[in-house]
Amino acid sequence: MTAFLISLAVLIGGYLLYGTLVDRIMATDKNRPMPAYTLRDDVDYQPMKSWRVFLIQFLNIAGLGPIFGAIMGIMFGPAAFLWIALGTVFGGAVHDFCSGVISVRKDGASLPEIVGSELGIGIKQLMRGFSVLLLILVAAVFVVTPAGLLASMTPDYLDKTVWIFAIFAYYILATLLPIDKLIGNLYPVFGFALLFMAAGILGILIFTDIEIPVSFADSFTTHNGAVPVFPMMFVSIACGAISGFHATQSPMMARCLTNEKLARPIFYGAMVAEGIVALIWAAAAVAFTGGYEQLAAYMAQDGNSTGSLVHDISFGWLGTAGGILAILGVVAAPITTGDTALRSARLTVADFLKVEQHTFMRRLMIALPIFAITALVMMIDFSVLWRYFAWCNQTLSVFTLWAVTVYLARHGKAYIVSLIPSIFMTVVCSTYLLCAPRPEGFGLDRSVATAAGVTVAIALTAIFFKYLHTLTPTKPREA
């Protein structure tokens with residue numbers, strides 16, 4: 001219990017203290033003209049109440065990652081608690097907040113345009129393709145997963161195929177309609193279910209005699225068989241600590257923000273909220289089963305999975321009514337990520353092609369090819385999809401963090417806050433790509449891969465410092 005409470009305190013304290021520090025470094029300004037007003041089109045650019053923007057941002061980023069990823073991550077041991085707490089405060093929240101603020105200052109620009117403006121036209125072109133690919137992977141993954149969950153809760157005639165068609169139809173509408181129609185109205189309901197689930201399980205963990213068998217002893221010793229903590233755990237727990245996908249979502253909310261001073265509670269705060277959800281589910285998994293060995297044994301049984309464990313915890317601890325609401329929250333989480341993934345893909349392509357999105361037919365023109373490619377990707381085996389999604393997701397965070405670092409340096413600000421997570425995530429992603437089994441990686445020995453990953457990070461850091469003096473300030477408005 002002590003390790004859990006310390007980690008929870010780090011997350012809350014990190015928002016209050018470190019979040020304030022990063023906010024001061026970014027120098028958010030309540031008087032800055034906001035794109036929600038200056039470019040208002042009542043489709044993508046429109047002012048929304050801050051609580052709605054927070055819930056949309058939170059649900060956009062809180063897919064299955066902070067639930068399923070946290071459960072898979074805690075199988076590595078207490079290092080998962082450290083990564084969720086420290087990774088969120090010093091990595092993920094900085095990543096989400098800074099990319100959101102930069103997008104506001106660039107009139108709601110999508111992620112490739114943000115990264116390209118800092119890292120060059122070549123990286124911009126790479127990011128355009130890479131980010132759209134990731135968004136399509138996210139949408140495909142988050143059609144299949146909730147469809148399976150819903151099929152397990154409904155009569156046989158509502159099988160997985162029926163739910164796939166239903167969810168994909170909803171995604172099409174959410175991508176094309178103005179943001180306040182479906183997303184703005186449904187997300188408060190989904191948000192309540194997800195937050196109820198987290199709050200209910202948190203109450204069980206704190207106020208009952210349930211033991212959380214986690215201490216910080218042997219924090220970096222794996223409990224997941226022969227699978228090493230580094231770099232595997234740092235890829236398994238993505239959305240609960242740091243996720244490149246989040247930076248594709250921040251620009252969507254940057255177009256609805258009414259005051260730049262709201263950026264910290266919305267962007268930094270939503271990431272901390274997601275870290276708390278991940279921490280709760282990591283603790284619940286190991287507490288419900290009784291320990292690391294018991295959790296591994298549960299997962300090894302025929303028919304058991306992370307989804308079945310979530311089901312058992314929800315109904316076992318919250319009762320029938322609470323369990324149903326909790327499961328609805330679990331189902332809502334991936335759906336409210338998949339729909340905005342496709343919407344972000346539309347906006348990214350529209351920004352690239354410079355096609356305004358005020359009229360329905362122009363939105364449809366951009367979206368139709370995206371829908372077709374997503375439908376084809378959904379036919380790929382789910383396990384293959386998930387592996388490539390996990391690696392692409394974390395790699396995207398590397399590009400974003402380096403872009404944020406260059407932005408801060410360009411404006412004479414304390415770039416150390418993003419430089420350190422940039423270096424660390426470069427090592428993680430490079431090492432993972434080199435040592436992951438084929439075909440997703442190169443299958444190299446882990447020690448060789450780690451040495452190579454460190455070398456890549458050192459090289460990029462050296463390049464950054466070499467060209468640091470050449471970074472000249474941009475327009476004062478962006479400072």
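In the predicted model, leucine 195 touches Leu55 and Phe58 when residues up to four places away in sequence are not counted. Leucine 195 belongs to helix H10, and its relative accessibility of 37% makes it partly exposed. Glycine 73 stands 122 residues from leucine 195 in sequence, and the two C-alpha atoms are 21 Å apart in space.

The largest nonpolar core comprises 168 residues, of which Ile201 and Trp281 touch the most other members. Helix H13, spanning residues 263-289, makes the greatest contribution to this core, with 20 residues. With neighbours within four places in sequence left aside, the contacts of tryptophan 281 are Pro66, Ile67, Ala70, Ile71, Met197, Ile201, Val310, Ile313 and Ser314.

Helix H19 covers residues 446-466 and contains 21 residues. Its first and last C-alpha atoms are separated by 30 Å, close to the 30 Å expected at 1.5 Å a residue. The buried residues of H19 are Ala449, Gly453, Ala457, Thr461 and Phe464. Viewed down the helix axis, the buried residues of H19 fall within an arc of 110°, so they line one face of the helix. An α-helix has 3.6 residues a turn, so residues three or four places apart point the same way. Thr455, Ile458 and Lys466 are exposed on the other side of H19.

Within helix H19, glycine 453 has a relative accessible area of 0% and is therefore buried. Apart from neighbours within four places in sequence, glycine 453 is in contact with Val427, Ser430 and Thr431. The C-alpha atoms of glycine 453 and methionine 425 lie 9.7 Å apart, with a separation of 28 residues in sequence.

H19 also takes part in the lining of the second largest pocket, to which H19, helix H7 (111-119), helix H17 (382-410) and helix H18 (416-435) each supply at least two residues. The volume of the second largest pocket is about 500 Å³. Its lining consists of 20 residues, and those closest to the pocket centre are Leu119, Ile123, Trp402, Leu460 and Ile463. H17 gives the most to the lining of this pocket, with 6 residues.

The largest cavity holds about 50 Å³ of space, and its lining is formed by Ser110, Leu111, Thr248, Pro251, Met252, Arg255, Ser344, Leu347 and Thr348. Two or more of these lining residues come from each of helix H12 (245-254) and helix H15 (306-353).

Valine 235 lies in helix H11, which runs over residues 232-236. A relative accessibility of 6% places valine 235 among buried residues, because the cut-off for burial is under 20%. Beyond residues up to four places away in sequence, valine 235 touches Ala390, Trp391, Gln394, Val428 and Tyr432. One of these partners, tyrosine 432, is 197 residues from valine 235 in sequence and 8.0 Å from it in space, C-alpha to C-alpha.

Several backbone features remain to be described. Most residues other than glycine have a negative phi, and most peptide bonds are trans. The peptide bond from phenylalanine 230 to proline 231 is cis, with omega near 0°. Proline 231 is placed in the loop between helix H10 (183-207) and H11.

Aspartate 107, although not a glycine, has a positive phi of about 60°. This aspartate 107 is found in the loop between helix H6 (79-105) and H7, and its relative accessible area of 30% makes it partly exposed. Lysine 354, another residue other than glycine, likewise has a positive phi, near 60°. The position of lysine 354 is in the loop between H15 and helix H16 (360-377). With a relative accessible area of 70%, lysine 354 is exposed.

Notes. Residues numbered from 1 in each chain as written. Predicted model: local features only at pLDDT ≥ 70, side-chain atom pairs only at ≥ 80, totals over all residues. Heavy atoms only, no water. Core = buried A, V, L, I, M, F, W, Y, C linked by side-chain atoms within 4.5 Å. Buried < 20%, exposed > 50% of the residue type's maximum accessible area, 1.4 Å probe, protein only. Helix = DSSP H or I, 4+ residues; strand = E, 2+ residues; numbered from the N terminus. Contact = heavy atoms within 4.5 Å. Expected span 1.5 Å × (residues − 1). Arc of directions from axis to C-beta. 1 Å grid on protein atoms, 1.4 Å probe; cavity = no way out; pocket = protein on both sides within 12 Å on 5 of 7 lines; lining within 4 Å. Points joined across faces, edges and corners; volume = space filled by probe spheres on them.
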